[in-house]
Amino acid sequence: MRCLVTGATGYIGGRLTPRLLAEGHTVRCLARKARRLRDVPWAGQVEIAEGDLRRPETLAAAFADVEVAYYLVHSLGQAGFEATDREAAQNFVAAARAAGVRRIVYLGGPEPPADGTAAPSAHLRSRAEVGRILLAGGVPTAVLRAAVIIGSGSASFEMLRYLTERLPAMITPRWVHNRIQPIAVRDVLRYLVGCATLPPDVNRAFDIGGPDVLTFGAMMQRYARVAGLRRRLIVPVRALTPSLSSHWVGLITPVPNAIARPLVESLVTEAVAHEHDIAAYVPDPPDGLTGLDEAVALALAKVRDAEVETRWSTASGPDAPAEPLPSDPEWSGGTAYTDLRERDMAAPPQALWRVIEGVGGDNGWYSFPLAWSIRGWLDRLVGGVGLRRGRRDPHHLQVGEALDFWRVEEIVPGELLRLRAEMRLPGRAWLEMRILPLDGGGSRYQQRAVFLPRGLAGHVYWGAVAPFHAVVFGGMARNIARGAEHLAAGRVSGRR
């Protein structure tokens, strides 16, 4: 069948697409910017349509001739995400109905309690509302309701992993004793693929979960055991509200407060499947659903082997900048501050590119690590993403993926890496690293930082940080050149 996948740049959509292809389906991906999917391994096997679910006039071509449409987008972490997701769902189902789509499949969250025992979080409330909009839209719809998804790179797994590994003893909120039914990402994907062939009379929600029902505290203890860690000391206290808990999660894990808070608020209520009716249509695998221990072990192996397909940080929200290039003519009409560094070296372009593409994550930023760490902490304090997002792969980058508090805006292998800043700034910033071959086999490294200030605060900010550029950006250019020369000479360069 011809399937449309929205959210293909995100965590689930980026994994679902190749699995649909493996089943023999034709896949079309909807993205606000087609170039965001340019570097994914399966880019040459899919159709890519540009469109925005908030702009219904852009959707007709994407939905044309589609039989199954997957709704895998959300605006979690964005201001006013409930209204944004409501509008997107309404536009999605209207476009699907107009195009004659035969099936909608939506991955949502657990149903908020109907007995009023706990007020649903904004996150769960929004997910449930989207499900209702799709079910009532006139197109047969399957809503899959999952709680915590365990897989390498998922936000829930990153929370579990960092909290458990970094805190051998912890004071926790009382919600760590609420029951949860986690599900492995491999089982979520199997259900999503299977729902493409549901009978046309199926229009309902299904609870999906793994075989284990346990508390979040027990999940941390099970993670510790699988990871070879000592048993954790967990002391729950009533004083830690969801708001305080989200700051605590944001402090310890790579997940920023804007995403941690709705996730934490969702854990305040129990998230357990109340039925397993999906098995009548998508039977359980012969060996059964994946248990928590196996799911954790599989995720850790993917992290260890640098084989993480997608990460929670890959997706960018609908409020992301339009991504103009710093060299666009429109820049000539305003103030753009730049810091330009150049260095010539004997190392060939190939060696220099390996160093450039390895920037960030565990390798750091090749200069003054304390300054980069402080900048990352300051960003977290004001609600930004900080440096802990790291990178998906230690050696290779793709357009659109997150790299610490940057996002890869352009990459030309062997020639150019351009990063767009996603830290909190009074303006917009880019960091560009370029290679120019020299006669005789050497290389010229060009490094350019560009900052477009917003108002007086932006000008003041640049003036305040400019004195540090000689140390930070100058040292970065010097150490990148040195690392390339060491690599060309067969020596192992240092991390910074």
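# Chatting through a predicted model

Q: Where does Arg-190 lie relative to Tyr-191?
A: Arg-190 lies over the face of Tyr-191, 4.9 Å from the ring centre. A charge sits over a ring if NZ of Lys or CZ of Arg is within 6 Å of the ring centre and within 35 degrees of the ring normal.

Q: What should I know about the model and its numbering?
A: This is a predicted model, where local features need pLDDT of at least 70 and side-chain atom pairs count only at pLDDT 80 or more, while totals for chains, interfaces and linings use all residues. Residues are numbered from 1 along each chain as its sequence is written, and side-chain values use heavy atoms, with hydrogens and water left out.

Q: Back to charges: what sits over the ring of Trp-377?
A: The charged end of Arg-388 does, 5.0 Å from the centre of the ring.

Q: OK, rings with rings. How many aromatic pairs are there?
A: A search of the whole structure finds 12. Rings of Phe, Tyr and Trp (its six-membered ring) pair if their centres lie within 6.5 Å; planes under 30 degrees apart count as stacked, over 60 as edge-to-face and the rest as tilted.

Q: Why is the pair Tyr-71 and Phe-92 edge-to-face?
A: Their planes are at 85°, so the pair counts as edge-to-face, and the centres are 4.9 Å apart. Tyr-71 is in strand E4 and Phe-92 in helix H3 (residues 81-99), so the pair ties together parts that are 21 residues apart in sequence. Helices (H or I, at least four residues) and strands (E, at least two) are DSSP runs, numbered from the N terminus.

Q: Are those two buried or exposed?
A: Both Tyr-71 and Phe-92 are buried. Buried means under 20% relative accessible area, exposed over 50%, partly exposed in between (1.4 Å probe, protein chains only). They also form one aromatic cluster with Phe-63 and Tyr-106.

Q: And what about Phe-405 and Trp-406?
A: Their ring centres are 5.9 Å apart and the planes are at 65°, so that pair is edge-to-face. Phe-405 is buried, with a relative accessible area of 0%, and Trp-406 is buried at 6%.

Q: New topic. In what order do the strands of the open sheet come?
A: Seven strands run in the order E3-E2-E1-E4-E5-E6-E11, with parallel pairing. Strand E3 (47-50) and strand E11 (204-207) are at the edges with a single partner strand each, so one side of each is left without a neighbour in the sheet. The twist averages 20° from one strand to the next.

Q: How many bridges join E1 to E4?
A: Three bridges join strand E1 (residues 2-6) to strand E4 (residues 68-71). Two strands pair if DSSP finds at least two bridges between them. The bridge partner of Leu-4 in E4 is Ala-69.

Q: What do the buried residues of H14 pack against?
A: Their partners include helix H11 (349-357), helix H12 (369-381) and strand E18 (427-437). Among the buried residues of H14 are His-469, Phe-473 and Met-476.

Q: And what follows H14?
A: Gly-490 follows H14, and its phi is positive, near 85°.

Methods:
Contact = heavy atoms within 4.5 Å. Axes fitted to C-alpha atoms, helices over the stretch in contact; angles between N-to-C directions.
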